[in-house]
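Subject: Structure for your review

Dear colleague,

Please find below the structure that I am handing over to you. My findings follow it, and I would be grateful if you read them with the structure open.

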Amino acid sequence: MKNINYQIQRIAEKYKNQENNSELKEDLQSLILQLENNEVLLSSGVNTIGALASESLLQLNYSKVLDGQFIKTGFSNYDNEFGGLLKGETLVIGGRPGMGKTQLIVNLATNISSQGKACGIISLELSSLQISNRFICHISKLNPCDFSEGKIEKQNMNNLDNAVNKLNTLPIFIFAQKTNSLASIIERCNELVSENRVEVIFIDYIQLIGLFNPENNYETELAQATIELKKMAKDLNIVLVVASQLSRQVNDRPLESKRPQLSDLGESGVIE
């Protein structure tokens, strides 16, 4: 226990000093191994209260080390409540068509990439150019309809130039998938991580993932895709943000009851 506490203090000090070297990586790997071994011992039978209390303290200290695994969203209410986005987790953005799921992805990717953290966007609906235009309008504060129709006043041209210049500095990688198979999406995610060091990947949206086993019904296929994507996020140690359609039941409710619920996530209960 003393050795583990010493390692935690050593790692925390290196994070504090913003050191980035091979020793830090080795310390983390060693600590993770000891934590796993300690967990096995605690789960193997009856434990004393002292051992359990020590484990609680260890987890508290270890959570401080994990602070480096959190990525701020730029939305202060969310960051204050949850600490940000935790690497290895999967989040779902649910909404009816036209409610702003894609725009929220654009806003998140802008905020996160502005911190120097690379983001990938895999769009199964919009083209790469359409996604790019969303970013331009978001940063330049131009009306998307006016932009798409070419109704741009002269005084707004500087805003457009500044938006393009800013976007040239952001590590955002956009792919409009020509094939929507789960295998191709997972392959693309692996490429984004290995080649571009992407830390956050957005998929827009999950119901457009194609069937890969014709013998299964759509709900079964979507459930399997959800499970595979969640596993991939853990294996790659990235944040995965997936957009999802909500069921039409939201539209049928009275105005005061239209706040979405988990059960409104469309097609598959596994998404919940």
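**Findings**

Arg197 is exposed, with a relative accessible area of 71%. Please bear in mind throughout that this is a predicted model. Arg197 belongs to the loop between helix H9 (182-196) and S6. Although Arg197 is not a glycine, its phi is positive, at about 55°.

Asn237 also has a positive phi, near 55°, and is a residue other than glycine. Asn237 sits in the loop between helix H10 (218-236) and S7. With a relative accessible area of 35%, Asn237 is partly exposed.

**The protein as a whole**

The protein has 272 residues, of which 37% count as buried. Its secondary structure consists of 11 helices and seven strands. The accessible surface comes to about 16,200 Å², and carbon and sulfur atoms make up 51% of that surface. Among contacts with a separation of 6 or more, 67% are between residues 24 or more positions apart.

**The sheet**

In what order do the strands of the open sheet lie? The five strands have the order S3-S7-S6-S4-S5, and their pairing is parallel. Strand S3 (90-95) and strand S5 (172-176) stand at the edges; each has a single partner strand, so one side of each is left without a neighbour in the sheet. From one strand to the next, the twist averages 15°.

Helix H5 (residues 101-113) packs on this sheet and touches S3, S4, S5, S6 and S7. The direction of H5 makes about 165° with that of S6.

How many residues of strand S6 (residues 200-204) are buried? Five of its five residues are buried, so the strand is mostly covered. Val200, Phe202 and Asp204 point one way from S6, whereas Ile201 and Ile203 point the other way.

The pairing of S6 can be followed on both of its partners. Strand S4 (residues 119-123) is joined to S6 by five bridges, and the two run parallel. Here Ile121 has Phe202 in S6 as its bridge partner. S6 is also joined to strand S7 (residues 239-245), in this case by four bridges, again in parallel. The bridge partner of Phe202 in S7 is Val241. Phe202 is therefore a bridge partner of Ile121 and of Val241, and it is buried under the cut-off of 20% relative accessible area.

S4 pairs with S5 as well: five bridges join these parallel strands. Ile122 has Phe175 as its bridge partner in S5.

**Helices H6 and H8**

Helix H6 lies across S4 and S5, and runs at about 145° to S5. The axes of helix H6 (residues 128-140) and helix H8 (residues 157-167) come within 9 Å and cross at roughly 115°. This crossing of H6 and H8 is right-handed. On the H6 side, Phe135, Ile136, Ile139 and Ser140 take part; they meet Asn159, Leu160, Ala163, Lys166 and Leu167 in H8.

Thr110 lies in helix H5. Is Thr110 buried or exposed? Its relative accessibility is 5%, which is under 20%, so Thr110 counts as buried. Apart from neighbours within four places in sequence, Thr110 is in contact with Phe135, His138, Ile139, Leu170 and Ile172. Phe135 and Ile139 are also among the H6 residues that meet H8.

Leu124 is in the loop between S4 and H6. Its relative accessible area is 15%, and therefore Leu124 is buried. When residues up to four places away in sequence are not counted, Leu124 touches Gln177, Asn180, Ile185, Ile203, Asp204, Tyr205, Leu208 and Ile209. One of these, Ile185, is 61 residues from Leu124 in sequence, with a C-alpha to C-alpha distance of 9.6 Å in space.

**Cysteines**

How many disulfides does a search of the whole structure find? It finds zero. A disulfide is a covalent bond between the sulfur atoms of two cysteines. Cys119 counts as buried, at 0% relative accessibility, and Cys137 counts as buried, at 7%.

Yours sincerely

How values were computed. Residues numbered from 1 in each chain as written. Predicted model: local features only at pLDDT ≥ 70, side-chain atom pairs only at ≥ 80, totals over all residues. Heavy atoms only, no water. Disulfide = S-S within 2.5 Å. Buried < 20%, exposed > 50% of the residue type's maximum accessible area, 1.4 Å probe, protein only. Contact = heavy atoms within 4.5 Å. Areas by Shrake-Rupley, 256 points an atom, 1.4 Å probe, with all protein chains shown as cover. Pairing = 2+ DSSP bridges. Axes fitted to C-alpha atoms, helices over the stretch in contact; angles between N-to-C directions. Left-handed = near helix turned anticlockwise from the far one by under 90°.
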